[in-house]
Amino acid sequence: MSWGIELWDQFDNLEKHTQWGIDILEKYIKFVKERTEIELSYAKQLRNLAKKYQPKKNSKEEEEYRYTACKAFLSTLNEMNDYAGQHEVISENMTSHITVELARYVQELKQERKSYFHDGRKAQQHIEICWKQLESSKRRFERDCKEADRAQQYFEKMDADINVTKADVEKARQQAQVRHQMAEDSRADYSSILQKFNHEQHEYYHTHIPNIFQKIQEMEERRILRIGESMKTYAEVDRQVIPIIGKCLDEIVKAAESIDQKNDSQLVIEAYKSGFEPPGDIEFEDYTQPMKRTVSDNSLSNSRGEGKPELKFGGKSKGKLWPFIKKNKLMSLLTSPHQPPPPPPASALPTAVPNGPQSPKQQKEPLSHRFNEFMTSKPKIHCFRSLKRGLSLKLGAAPEDFSNLPPEQRRKKLQQKVDELNKEIQKEMDQRDAITKMKDVYLKNPQMGDPASLDHKLTEVSQNIDKLRLEAQKFEAWLAEVEGRLPARSDQARRQSGMYEAQNPTTVNNCAQDRESPDGSYTEEQSQESEVKVLATDFDDEFDDEEPLPAIGTCKALYTFEGQNEGTISVVEGETLYVIEEDKGDGWTRIRRNEEEGYVPTSYVEVYLDKNAKGAKTYI
């Protein structure tokens with residue numbers, strides 16, 4: 001089966017067919033190219049979809065992904081990214097192995113086809129030229145033969161006519177001979193050209209055309225084979241990524257199987273557990289008895305006079321606790337935050353409260369009214385910190401020590417804050433070590449830089465470390481209080497914070513606090529005015545009997561500080577003063593100059609504590 005033999009006369013049809021084959025190949029290339037674009041678009045849409053549902057950093061959504069169901073969903077999103085990547089691989093492989101290769105092959109195929117049909121047209125032109133030569137010699141031979149016949153007839157006519165001279169007859173005879181000779185020459189030329197044409201024609205139909213058509217046939221068969229191989233490659237590219245896609249799907253199934261509903265339920269408990277005890281039974285209150293009522297620890301009622309926050313001094317005043325929260329829980333919940341660095345403590349004395357007759361016992365009010373009055377009533381004794389704290393609470397600002405949260409949640413928040421501060425401290429320490437090493441290099445090789453240029457940066461980093469350590473100590477102290485690892489704060493700490501609390505371990509700033517009666521119940525005060533009188537008397541006695549605090553060390557002012565707020569003291573850079581109360585974690589140190597005392601920012605002074613002094617702490 002050969003096109004050169006079977007299709008020797010179908011040159012034009014073969015030219016059309018081969019062009020159609022190239023068009024089919026280009027159509028397939030276009031198909032694969034559009035498929036790669038679809039794969040890329042699909043991969044892009046998958047990635048955008050996965051990105052859309054990824055949790056945003058530092059947002060509430062990120063906290064939700066602690067649950068196993070959310071973790072499984074996050075794994076699904078990550079696997080979708082890998083899944084999209086495999087579709088990108090499909091697009092890349094199809095482009096490199098099919099589209100690019102076939103495009104190059106099409107160009108080569110067009111050049112090869114062009115050369116073959118150019119040779120075929122050249123052979124056709126040659127045989128046509130030979131045919132024209134044959135026709136020309138044939139017509140010349142025919143014409144010469146006719147001329148020779150006419151000359152012969154004219155000679156015979158002249159020879160038979162007796163009236164014609166002998167010279168005319170001789171001339172006609174010579175003319176006839178010339179014509180016969182020309183006819184013979186034309187005949188010989190025609191015969192030669194005919195033989196040559198037959199030879200060329202034989203070569204054309206039996207050698208040249210078959211060879212050319214055979215090459216065209218082979219070219220076309222290679223094209224067909226190449227498009228078949230491309231189709232196999234097309235399938236193989238898809239098949240190669242199937243295992244990886246299957247692995248992605250297996251990982252999604254694995255993530256789904258890892259969902260633990262019990263663990264998620266436990267996480268809900270950890271996230272929202274308040275640490276409070278459920279309220280106990282409400283004791284019966286007998287209104288028929290004229291005697292003073294005794295209210296249990298979980299009573300749902302309170303008196304009007306005890307609804308207002310108050311401070312306990314010497315255990316003389318008694319109030320009611322919020323009935324749904326146990327005593328120690330309430331103290332931790334309502335403890336006000338210490339905002340770092342706080343303004344210096346104010347030393348203002350409490351406003352005088354007129355002594356009046358004992359107020360009569362008030363009627364019981366609903367629980368919600370009592371609690372609203374309890375939370376919104378103004379305290380009887382103020383300090384600068386309590387005023388600032390009250391303002392923050394009214395403005396909705398969250399306390400720094402998270403005292404607005406339940407104990408369990410507060411502990412978690414404090415622990416998180418401590419961890420963050422420790423990370424920042426480590427980061428600053430690494431930076432300090434790097435600067436120190438650089439300074440050592442400068443000292444050994446002065447040409448590389450001036451070591452003194454790093455002193456300011458080193459001092460700044462050291463100050464940052466000190467500040468962060470103070471912050472960490474403050475939060476660790478709060479954390480220890482929540483976890484029950486620290487005793488109640490001392491009188492000195494309460495003085496530094498500007499609040500004087502009761503002698504019991506759990507303290508509450510600016511809120512009502514109860515004392516337990518011998519029988520374990522909580523009793524009410526008879527009058528609001530008597531409580532205020534006792535508070536004012538104890539508060540005055542506290543300050544009247546107070547002796548000057550002993551010095552626990554010295555300090556040197558690093559910077560000049562203008563003490564403009566009440567309770568602060570101005571210092572000049574380089575001045576040496578006595579330390580009478582060290583920083584309690586709020587960023588202020590209490591100092592003395594002669595008889596003048598006040599607070600300065602801890603970062604403004606360099607403290608040298610006497611380890612043998614009372615109240616001095618040792619820092620490692």
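Biologist: What lies over the face of Tyr67?
Modeller: Arg66 does, at 5.6 Å from the ring centre. Bear in mind that this is a predicted model.

Biologist: And Tyr105, which charged end sits over that ring?
Modeller: That of Arg226. The distance to the ring centre is 4.8 Å.

Biologist: Switching to ring-on-ring contacts. How many aromatic pairs does the count come to?
Modeller: The count is 13 aromatic pairs.

Biologist: Take Phe31 and Tyr234. How far apart are the ring centres, and at what angle are the planes?
Modeller: The centres are 5.7 Å apart and the planes are at 40°.

Biologist: Which helices do the two residues lie in?
Modeller: Phe31 is in helix α2, residues 11–52. Tyr234 is in helix α5, residues 166–257. The pair therefore ties together parts that are 203 residues apart in sequence.

Biologist: Is Tyr234 buried or exposed?
Modeller: Buried. Its relative accessible area is 18%, and the cut-off for buried is under 20%.

Biologist: What about Phe31, how does that one count?
Modeller: Phe31 is partly exposed, with 41% relative accessibility.

Biologist: Which residues form an aromatic cluster?
Modeller: One cluster is made of Tyr559, Phe561, Trp588 and Tyr604.

Biologist: Back to α2. How do the axes of α2 and α4 cross?
Modeller: They cross at roughly 165° and come within 8 Å. Helix α4 covers residues 68–160.

Biologist: Parallel or antiparallel?
Modeller: Roughly antiparallel. The angle of roughly 165° is over the 145 cut-off, so the label follows.

Biologist: Left-handed or right-handed crossing?
Modeller: The α2 and α4 crossing is left-handed.

Biologist: Where is Ala50 found?
Modeller: In helix α2. Ala50 is buried, at 1% relative accessibility.

Biologist: How far is the C-alpha of Ala50 from that of Asn81?
Modeller: The two C-alpha atoms are separated by 6.7 Å. Along the chain, Ala50 and Asn81 are 31 residues apart.

Biologist: New topic. What feature does UniProt place at residues 411–438?
Modeller: The record, an unreviewed entry, gives "coiled-coil region" there.

Biologist: And in the model, what is the helix and strand content of residues 411–438?
Modeller: The span is 100% helix and 0% strand. From end to end, the C-alpha atoms of residues 411–438 lie 41 Å apart.

Notes. Residues are numbered from 1 along each chain as its sequence is written. This is a predicted model: local features need pLDDT of at least 70, side-chain atom pairs count only at pLDDT 80 or more; totals for chains, interfaces and linings use all residues. Side-chain values use heavy atoms; hydrogens and water are left out. Rings of Phe, Tyr and Trp (its six-membered ring) pair if their centres lie within 6.5 Å; planes under 30 degrees apart count as stacked, over 60 as edge-to-face and the rest as tilted. Helices (H or I, at least four residues) and strands (E, at least two) are DSSP runs, numbered from the N terminus. Buried means under 20% relative accessible area, exposed over 50%, partly exposed in between (1.4 Å probe, protein chains only). A charge sits over a ring if NZ of Lys or CZ of Arg is within 6 Å of the ring centre and within 35 degrees of the ring normal. UniProt positions are given in the numbering used here, feature names are shortened, and annotations may be inferred rather than shown by experiment. Axes are lines fitted to C-alpha atoms, for helices over the stretch in contact, and angles run from 0 to 180 degrees between N-to-C directions. Angles under 35 degrees count as roughly parallel, over 145 as roughly antiparallel, 65 to 115 as roughly perpendicular and the rest as oblique. A crossing is left-handed if the near helix is turned anticlockwise from the far one by less than a right angle, and right-handed if clockwise.
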